[in-house]
Amino acid sequence: MDKFLIQGGQKLEGEVRISGAKNAALPLLAATILADSPIRISNMPNLRDVNTLVKLIAGLGVAIEYASDTVTADTSTLNNQFAPYDLVKTMRASILVLGPLVARYGEAKVSLPGGCAIGSRPVDQHLKALEALGAHIEVENGYVHAKVDGRLKGGEVIFDVVTVGGTENILMAAALADGVTTIRNAAREPEITDLANMLIKMGAKIEGLDTDTLVVTGVESLHGCDYAVVADRIETGSYLAAAAITGGRVRTTHTDPALLECVLDKFEEMGAEVTRGDDWIELDMQGKRPKAVSFRTLPHPDFPTDMQAQIMAVNAIGRGFATISETIFENRFMHVPELSRMGANIQVEGNDAVVTGVEKLSAAPVMATDLRASFSLVLAALAAEGETLIDRIYHIDRGYEHIEAKLQGIGAKIKRVSG
Ligand code: UD1
């Protein structure tokens, strides 16, 4: 199993090219199922999760190819609507094929994704929403079997919780339903807007982009198009955090400051100088120790849960103390014991954590527990005295493209070791 060996203490400086967003790439891939002519998606990040979904879609019979950063797909050979457990269990986002399959082919059998390390993560809202559009749903032997006679019918969907994947699933399904669907309490993450933009390019009729009410007027069919995945705001924030924790200066390029305003505000509150360009962001910590900053994770446009662990790591060496409340997932502090092993002072009570900054972290063997938590350990290692060994980095490979090369490019001493 691969591990990272990181020698801490380098002030990171330079440029990092940001990749396409994993969380946009996955729904965009699922949406290829809706197209009745070939579709081409570029700026695809080369990640384990992307490869998993490509494999799953290929298993449906779709002629899908993934070369360099581009995926092309042609659904004319699709011959089954079955997503098996062995693929779905490795990536929850596989459930995103459910909506498109029922909408276009009238039937789908998709394995229920299990819980995952950060929480139970049910899909009840996805199913309830599809039922509101007329799908008949049965859950049996660990599989969701969804069926509709004829086409889905537009209707009113009111989510009980703000769900990113649920909103995406129903947005795709509604695009091919008969009549108008109103989705209320919809999530507003930029990746949803990216999906809506691609669907519109495919011929869908969607209004209310970037708001919590999406109105979709179903169309007969959707065609292929050429589309580029939006920049990864979480990867952007993660590399800016690497500058902040090492007192360095990093410019992220091929990104968009409008995607992560709330996070940039927090960096400024830390005392960093943040400069925003059209498609770049530079963070200069000017050799200073950041001030610890408090925040609460909430749906977009508030502070993203996917940046919680990274900012906690920066707080760990911050001046003063900060409180962090995690309101999206019930078990997303698994990085805390690992950061503590490196000398961080963090007290957790339920979904709240109090971080009291220490002057220095020290190297220790640690273990990655989930995707974003893994990056928080990388950050801590970059700032720590000594050489840190991070185990189980397969979690990182799910969501950070070329991480060693990107970090080495800004002066980090990081290498991948196997065994
Ligand atoms: C997506 C992101 C993930 C991010 C999360 C929250 C992708 C591939 N993943 O995950 O990186 O951390 O949004 O921003 O885009 N819930 C229910 N019932 C449901 C669905 C969700 O109770 O049917 C709950 C979840 O357990 C969780 C909350 O709603 O507590 C938010 O989950 P959701 O927004 O659906 O997250 P994902 O789409 O799985």
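The structure is a predicted model, in which local features require pLDDT of at least 70 and side-chain atom pairs count only at pLDDT 80 or more, whereas totals for chains, interfaces and linings use all residues. Residues are numbered from 1 along each chain as its sequence is written, and side-chain values rest on heavy atoms, with hydrogens and water left out.

The side chain of Arg 416 meets that of Asp 2 in a salt bridge, with an N to O distance of 3.1 Å; a salt bridge is defined as a side-chain nitrogen of Lys or Arg within 4 Å of a carboxyl oxygen of Asp or Glu. Because Arg 416 belongs to strand β24 (residues 413-417) and Asp 2 to the segment before β1 (3-7), this pair ties together parts that are 414 residues apart in sequence. Helices (H or I, at least four residues) and strands (E, at least two) are DSSP runs, numbered from the N terminus. Asp 2 is likewise partly exposed, at 28% relative accessibility. A network of salt bridges links Asp 2, Asp 397, Glu 404 and Arg 416. By the stated rule, the count comes to 19 salt bridges.

Another salt bridge joins Asp 306 and Arg 332, whose closest N and O atoms are 2.8 Å apart. Asp 306 lies in the loop between β18 (295-297) and α10 (308-316), and Arg 332 in the loop between β19 (321-326) and α11 (335-341), so that parts 26 residues apart in sequence are tied together. Asp 306 is buried, with a relative accessible area of 15%, and Arg 332 is also buried, at 7% relative accessibility.

An open sheet is formed by four strands in the order β2-β15-β17-β16, with mixed pairing; two strands are taken to pair if DSSP finds at least two bridges between them. Strands β2 (13-17) and β16 (273-276) stand at the edges with a single partner strand each, and one side of each is therefore left without a neighbour in the sheet. From one strand to the next, the twist averages 15°. Strands β15 (residues 249-253) and β17 (residues 280-284) run antiparallel and are joined by five bridges, with Thr 253 opposite Trp 280 in β17. Helix α8 (residues 233-246) packs on this sheet, touching β2, β15 and β17, and its direction makes about 165° with that of β15. Helix α9 (residues 261-270) also packs on the sheet, where it touches β16 and β17; the direction of α9 makes about 145° with that of β16. Axes are lines fitted to C-alpha atoms, for helices over the stretch in contact, and angles run from 0 to 180 degrees between N-to-C directions.

Since Glu 282 lies in strand β17 and Arg 249 in strand β15, the pair ties together parts that are 33 residues apart in sequence. Glu 282 is buried, with a relative accessible area of 14%, whereas Arg 249 is partly exposed at 37%.

A nonpolar core is a set of buried Ala, Val, Leu, Ile, Met, Phe, Trp, Tyr and Cys residues joined through side-chain atoms within 4.5 Å. The largest such core contains 148 residues, of which Leu 98, Leu 171, Leu 199, Phe 267, Ile 390 and Leu 407 touch the most other members. Helix α12 (residues 371-383) supplies the largest share, nine residues. With contact meaning heavy atoms within 4.5 Å, and residues up to four places away in sequence not counted, Phe 267 touches residues including Leu 240, Val 274, Leu 283 and Ile 311.

Helix α6 (residues 164-175) contains Ile 170, which is buried at 1% relative accessibility. Residues up to four places away in sequence again excluded, Ile 170 touches Ala 129, Leu 130, Leu 133, Val 157, Phe 159 and Ile 183. The axes of α6 and helix α7 (residues 190-201) come within 10 Å and cross at roughly 10°. The two helices α6 and α7 are therefore roughly parallel to each other, a term applied to angles under 35 degrees.

Terms used:
Buried means under 20% relative accessible area, exposed over 50%, partly exposed in between (1.4 Å probe, protein chains only). Angles under 35 degrees count as roughly parallel, over 145 as roughly antiparallel, 65 to 115 as roughly perpendicular and the rest as oblique.
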